[in-house]
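Reader: I'd like to go through this model with you. Can you put it up?

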Amino acid sequence: MIGRSILGALVNLTKPGMYVHWGFIQISVANLIVIGLMALTFILAIAIPFHRKGGRS
Amino acid sequence: MTKTKERRFNPDRDVNPWKGGYRPYDIAKEIVICFVVMLVLVVGLAIVFGSPDDKAVTIQTWSNANQVDFAQTAITELDGTSATAQYGPPYNNVADVSQKIGPFSPEALVGVHIPVNTAQDFVIGPLETVTNSPVLTMALNQFNAASPSQQANWESAYATAVQKAKVFHNVLVVPLARYGPVGIMIRQLTDMARSGALDTSMINQDHFYGTDYTKSLLYVADGTYFSDQGTALHLSGGQWGMMNETGNFPGQAWLWLYSFWYQIPPFTTAWEPNADILVSVLMMILSVLLILVPFVPGVRSIPRWSRVYRLIWRDHYKGRE
């Protein structure tokens, strides 16, 4: 029991899934979050300036 | 004297020679940093969220959870009306049921190479391994000695009766009818399934360590219990199930386009019987088109027109126009 609580995840995702329905589209909230994070990463990758050391050569 | 024709400059194909400065870049350092970041992310996310760990559905769990569904499925395996029995190649020779595009049917072309005889492999064969039940041995002898038409009559009577079956004190009770030895056979098969012995007998014994679960998976898939479990977990085809994972875990979001076609007509209507092969071929065509983007006029110009590269390299282009 102790081992199980040590090895177990901190956040329990093994519950009935949450889904968004829109017409024929069905998508899980977890997938939406991942897609949102991917879009955010893409935007940040473009928006954040390149790190420069010693200026332009 | 030959005259060389000069090609016109095409901004999608040609580049001007670089006249600016150069600077060193350590790609090995980038690879190491990316690897370490990904490692920390994977371990960190695994600690916080864990991973899906739903138990596999076996014949034993199925038959214990729903004895009636198991018995109703078992009789369809015996009388040859189950989905597996009617599947055609690669399992059995049922004509004109394989998916096809026009005359082209890969399954029919390859033919039967994983032979499955549901009556023998799913019912009679496993029952014949039980040697300590004289009642069952008598029932099997009676069934095997009967004519095909007699067998069909018993099977038909049982298939009708089992629709009204109930579980009473954890025992399967099927209304009495003229189903001869079939009642004893399915009852014994249900007991065998509930004990886990049927799972064991289904594993392909060709190798020392049996890992071929084809037959038991087909058996489980023929019942309604398994598909109900899948639907409850949003894993069915019509629920974009290809993209989903059990519980609240993220799934295979990158399969959205593959899954998309299964949600819209004509893949859900006129093309539904051949949807798998049609979607597969469509995705192959789209994948080839994606690979060929650099050669498709117009499409290959989108990065230049969208000017996203100018956002990425904005320092470089600052003050150039």
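Reader: Where does B:P90 lie in chain B?
Author: B:P90 is in the loop between helix 3 and helix 4 (106–110) of chain B. Helices (H or I, at least four residues) and strands (E, at least two) are DSSP runs, numbered from the N terminus. This is a predicted model, where local features need pLDDT of at least 70, side-chain atom pairs count only at pLDDT 80 or more, and totals for chains, interfaces and linings use all residues. Residues are numbered from 1 along each chain as its sequence is written, and chains are lettered from A and ligands numbered from 1 in the order in which they are written.

Reader: And what is the peptide bond from B:P89 to B:P90?
Author: That bond is cis, with omega near 10°. The bond from B:P265 to B:P266 is also cis, with omega near 0°. B:P266 sits in the loop between helix 12 (256–260) and helix 13 (275–291) of chain B.

Reader: What about B:H169, buried or exposed?
Author: B:H169 is exposed, with 5 other C-beta atoms within 10 Å. The cut-offs are 20 or more other C-beta atoms within 10 Å for buried, 12 or fewer for exposed, and partly exposed in between, with C-beta atoms placed from the backbone. B:H169 lies in the loop between strand 1 (166–168) and strand 2 (171–173) of chain B, and its phi is near 50°, a positive value in a residue other than glycine.

Reader: Is B:H234 buried or exposed?
Author: B:H234 is buried, with 22 other C-beta atoms within 10 Å. Its phi is near 60°, again positive in a residue other than glycine. The loop that holds B:H234 runs between helix 11 (224–232) and helix 12 of chain B.

Reader: Changing topic. How many residues are in the largest nonpolar core?
Author: The count is 33, and B:A71, B:A74, B:M185, B:I186 and B:L189 have the most contacts inside that core. A nonpolar core here is a set of buried Ala, Val, Leu, Ile, Met, Phe, Trp, Tyr and Cys residues joined through C-beta atoms within 7 Å. Among the elements that each supply at least two residues of this core are helix 3 (67–79) and helix 8 (182–195) of chain B.

Reader: Which residues does B:A74 touch?
Author: Leaving out residues up to four places away in sequence, B:A74 touches B:V123, B:I186 and B:L189. Contact means that the C-beta atoms, placed from the backbone, lie within 7 Å.

Reader: What domains does the assignment give for chain B?
Author: Domain 1 (59–227) and domain 2 (264–321), with bounds from an automatic or database domain assignment. Their centres, taken over C-alpha atoms, are separated by 47 Å. The C-alpha trace of chain B spans about 95 × 55 × 40 Å along its principal axes.

Reader: Now chain A. What pattern does it follow along the sequence?
Author: The pattern is α-β-β-α. Of its 57 residues, 7% count as buried.

Reader: How many residues of chain A are in contact with chain B?
Author: There are 21 residues of chain A in contact with 21 residues of chain B. Helix 2 of chain A gives the most to the side of chain A that touches chain B, with 6 residues.

Reader: Which residues of chain A does UniProt list as "transmembrane region"?
Author: The unreviewed UniProt entry lists residues 20–48 of chain A. UniProt positions are given in the numbering used here, feature names are shortened, and annotations may be inferred rather than shown by experiment. In the model, that span of chain A is 66% helix and 24% strand, with its end C-alpha atoms 32 Å apart.

Definitions and conventions. Contact = placed C-beta atoms within 7 Å.
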